[in-house]
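Dear colleague,

Here is the structure I promised to hand over, and below it I have set out, step by step, what was found in it. Please keep it open beside you while you read.

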Amino acid sequence: MLRLEKSKETQFDILSLHGEVDASNSVILDKAIQELSDGGAKLILIDGSQLEYISSAGLGVFMSYLEDFSEKGIQLSIFGLSQKVYEVFKILGLDQLIPLFSTKQEAIAGTHEV
Amino acid sequence: MVKLPSIHIGKLSLLLAILVWLSLLFVDLVRIFGMINELDSGISEEITWILEILFFFTLYAFYNYSIGKISQGDFLNLIWRGASTGLFASGVGLVIELFYLSLGESKIGTEPFLQNFFYHVNFAWTSIFLISTALLWKHLILYQKSKQVVKQWQAFEFAMLVAAFFVFFNKNNFDYSFLFGLVILLILSIVLSGNLKWIPYLTFKEKWKSLLFLSIILLSAGFLFRRLISYGTDDRLQINLTDNLFLMALFGFIFIYALFSFLVTLFNLPTSSVFEQKLTEAINFQRLSQSIQPEENEEQVLDILMDSCMSASYSDGAWLELNEEEHSHQEQVRFMDLETKKEIAEWIKTQKAAEIWAIGEKPEQLNPLSIRLDHPKFESALLVPLVINKAVIGRMVLCKEVKDGFNKEMVNIISTFTRQACIAVENHRLLNQAIQNERYQEELKIAQRVQKALLPTRLDHPKSFAICAYSNAADEVGGDYYDTFKLDESRYVLIIGDVSGKGTSAAFHMSQMKGIFHSLIQLGLSPAEFMIKANSALSKCLERNHFITASIFIIDLEKKEICHSRAGHVPTLVYAAKEQKSEFLMFDGLGLGILRNNLYENHVQEKTFRYEPGDILVLITDGIVEAKNQKGLQFGFERVKSLVEINHTKTPKEIEQVLIDSLHSFVGGDGMIDDDYSLMVVKFE
C-alpha cells in the first residue's frame, strides 16, 4: 500500500510517501515525480517519515531521475527516513548520490546550501 | 444356416413376380381355351386365384425392398415414384384402348385370346401401381410415427391380407359381404389418411411440385379404376381378376390418401412461409450455438447473426458496428450503401430516445429499441445492442422500408439470437485467451529451464574450503545470480548478484549480467576494477530504472587473503572462528547501472582481509533479509547473524539448510516470499 501526498511551499514541493513502495506501485511514485518535474519544480523534498519499506523497484525510480535532474538543475532530497529504510538506501549506495536528511528543517537548510 | 445375400431379394422377388404373372397368363389362357371349346381343361378357378394372390405378394416383396432403400425425408422423390408409375400404367391402358378403337369390330378386335392377354397386362400394371403407391403411402404415413400409428398400419395390412383371400369366400361376386369388407377397409384408409406430418416440412416450391404429382396420381387412379370397371362389365372376358376386394380397397386407399394429401398441401400453401421461417430460425439458432469453435472467428459469428436477424425480421437493410478499439475495423453493411448508412446513423444520433437508450440502464438489461426513421428509403429501424461481459461492445441496426416494421415476436427472436451470438463471441474470446495463457505458461516453463541452466550446477572450489549455494525465484524466473571461478591454482572468485525487481525483466538482465561477469572475470581484474568495468558494460544494456547489485570475492589460498568489493549489494556476513564472532562487511559501494558515467569510479571500494581455518562467509541477497512474516516484520540481518554464530560448527550445506528452514518458518507455513532469494555459504578448512 502506498499513499502519496503532494504539498507546495514557496520554494519547494514536498512529496510525502506513506506505506510501502514495491514493484506493484513504483509506477505511481514514478508518475508523481514525473509530474513534479514537468510542473517546473526546482526543489523537490521527499518526506520519507511515513515510509515503511522500499523495494529495489522503488529505489530504481529515484535512481532513474538522477541524471535527468542533474541536467535540468532540479534538486531532489529525502528526509525523515526510518533507520530501516535508510539502511536500504545506504547499502545500495544511493546515500552518496541523493542528499538524505533526518528532518525537514535540515533538508531545507541543506538543500539551500547546494 | 443358408443365408441369402440381401442384394438378391429385390431381383429375386421381381423375377418371381414375372414368373407368377406368366404362369397366371398361361393358366388363364388354357382355361379360356377350355371354356370356348367347352372342354374341361382340368384347371379350377382356385388356381387362378392362388396365382393372383402370389402375384400380389411378390410385388409387395419387391416394392417393400426397393422403396425401403430410399432415404427418409425425401418426400418429393417418393411421390414422384408413385406419379410416374401411375403415368406409365395409365399410358399402357390408354395405348391398349386406342389399339382396340382403331381395330373396331375387325377379327383381331374380337379375338378373345388377345383381349385376355391385354387384360392381363392391364391388370399387372394396375397392381404394380396400386401396390407400389400403397407402400409409398406407408412411408409417408409412418413419418414421425407413434406407436399408435404403427398399430393402425399393422391393422390395415392385416385387413388387406384378409381381403386378398376374400376371393375364396366370395367367388368374385358383388354382394353385401363384399360391400361390408370394402366399407371397413375404406374407414381404415380414412383413419390412416390423417397422418400427414410430412407436409409441413416441404418448402413452398416443393409443395407446388407435390400438388402436381398428387394430381397425377389421382388422375391415374381414376383412369385405371374406370378401365377396370369397364372390364368388369365386359362379357367377352370370362375370367375376372379385377372385381377383387383387395384391389378395390387399394384403389380406395390410394385415392383417399392422395386426396387428403392434395387438399392439406393446398391449404398449407399460404402458411408454409411461416413454418419455413421458424425452421430457418431454429437452424440459425443452432448454427450460432455451434459457432464457438476456436477455428471460427468472431466475424463469422456476427455474419450468421446478421443473416439470422435479417431473415427473422424481413429487414431490408442492416449494418453492424463494434465500438471496441481492437475490433473497430469490423463493420458489416448489408443491402445499403455506406452513404445511406451514414445518413441513418446521423439521424439516429439526433433522436432523444436512442440517446437515452445508449447511455441509460445497465448494459446487461438493455433491450432492442425500435425507432422511426425520417429517410426517403427506410421508415423504421431496430437498434440491437451487442452485450458481452456486461459491456456494450457494439450494435446492430436493422432497417425496414415500412413504418413500425418490428413487432414483438421479431424483437424477441432477435434478442435471443443476439444473446446467443454474444455468448458465442464471449466463449470464443475466453477460449482463445485460455489457449494463449496455456502457451505463455509453456513459454515460461521453457524460460525457467533455460534460466536454471544459467546457474552453475557445480561450484569450483579447492579442498581448502567447502562451498554450497542455493537460489529460489519468486516467480517462474528470477534475477538472482551466483557463481564461482578458478583463476589459477591458488586464486578463486566468488560472485553473487541481484537484479532490481523480479520476474521476466529481471531474468533477462540476469542473463546479461552473467555474460558480462564471465567475460570480465577472465581479465584478472581487481575487485574494484571489475566493478567499474561491469558498471560501464551494464550501463549500456540495463533499462533506465533497473540496476544490479553484486559482491565479488577473490580468495588467495597462498596468502590466505580475501579481496572484496561490493556494488550496492547486501553486506556479506563473515564469521571469524578465532573470535567466535561474526560481522557484516559494510562499506561504501554503489550499485551497478545507477551512475552511468565514469563518476562511478569514485563510489567503489576494495577491502582485503585475512581468513583463518573455520571462518565462514555467508553471501546473501536482499530477498532473505527483507522477507516479511505475517506481522510485517522483516527477517533482518540479526537473525542471519545469530543463526550462523550458533551453527558455526556445521558444514556449509547444514548452515544453508538451517538458514532456509528458519526463513520459511519465520515467514509462516504457507507464507510466500515475494522476492527472489539466494545464498552462498563458504567455510575454510
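Before anything else, please bear in mind that this is a predicted model. I begin with a pair of helices in chain B, where helix α9 (residues 272–290) of chain B packs with helix α13 (residues 408–454) of chain B at an angle of about 20 degrees, their axes being 8 Å apart. Since angles under 35 degrees count as roughly parallel, α9(B) is described as roughly parallel to α13(B), and the crossing of the two is left-handed. If you want to find the place where they meet, look at E281(B), N284(B), F285(B), L288(B) and S289(B) on the α9(B) side, which face I413(B), F417(B), Q420(B), A421(B) and A424(B) of α13(B). Sorted by class, this contact has six nonpolar residues, three polar ones and one charged one.

The axes of helix α2 (residues 45–68) of chain B and helix α4 (residues 112–141) of chain B come within 9 Å and cross at roughly 45 degrees, which makes α2(B) oblique to α4(B). The contact draws on F55(B), F56(B), L59(B), Y60(B), Y63(B), N64(B) and I67(B) of α2(B), together with residues of α4(B) that include I128(B), I131(B), L135(B) and H139(B). By class, the contact of α2(B) with α4(B) has 10 nonpolar and four polar residues, and no charged residues. The crossing of α2(B) and α4(B) is right-handed.

Chain B also holds an open sheet of five strands, which come in the order β6-β15-β14-β11-β12 with antiparallel pairing. Because β6 (465–472) and β12 (581–585) of chain B each have a single partner strand, they stand at the edges, and one side of each is left without a neighbour in the sheet. On average, and ignoring direction, neighbouring strands of this sheet are turned by 15 degrees against each other. At one end of the order, strand β11 (residues 572–576) of chain B pairs with β12(B) in the antiparallel sense over five bridges, and Y575(B) has S582(B) in β12(B) as its bridge partner. Helix α17 (residues 636–646) of chain B packs on the sheet, where it touches β11, β12 and β14 (616–620) of chain B, and its direction makes about 30 degrees with that of β11(B).

Is M336(B) buried, exposed or partly exposed? With 19 other C-beta atoms within 10 Å, M336(B) is partly exposed, given that a residue counts as buried if 20 or more lie within that distance. M336(B) sits in the loop between β2 (331–334) and α11 (338–350) of chain B, and, leaving aside residues up to four places away in sequence, M336(B) touches G317(B), K341(B) and C399(B). M336(B) and K377(B), although 41 residues apart in sequence, are 10.0 Å apart in space from C-alpha to C-alpha.

Finally, there is chain A, which has four helices and five strands arranged along the sequence in the pattern β-β-α-β-α-β-α-β-α. Of the 114 residues of chain A, 36% count as buried. Where the two chains meet, 20 residues of chain B and 14 residues of chain A take part in the contact, and those from chain B divide into six nonpolar, nine polar and five charged.

How values were computed: Residues are numbered from 1 along each chain as its sequence is written. Chains are lettered from A and ligands numbered from 1 in the order in which they are written. This is a predicted model: local features need pLDDT of at least 70, side-chain atom pairs count only at pLDDT 80 or more; totals for chains, interfaces and linings use all residues. Two residues are in contact if their C-beta atoms, placed from the backbone, lie within 7 Å. Ala, Val, Leu, Ile, Met, Phe, Trp, Tyr, Cys and Pro count as nonpolar, Asp, Glu, Lys and Arg as charged, and the others, Gly among them, as polar. Axes are lines fitted to C-alpha atoms, for helices over the stretch in contact, and angles run from 0 to 180 degrees between N-to-C directions. Angles under 35 degrees count as roughly parallel, over 145 as roughly antiparallel, 65 to 115 as roughly perpendicular and the rest as oblique. A crossing is left-handed if the near helix is turned anticlockwise from the far one by less than a right angle, and right-handed if clockwise. A residue is buried if 20 or more other C-beta atoms lie within 10 Å of its own, exposed if 12 or fewer, and partly exposed in between; C-beta atoms are placed from the backbone. Two strands pair if DSSP finds at least two bridges between them.
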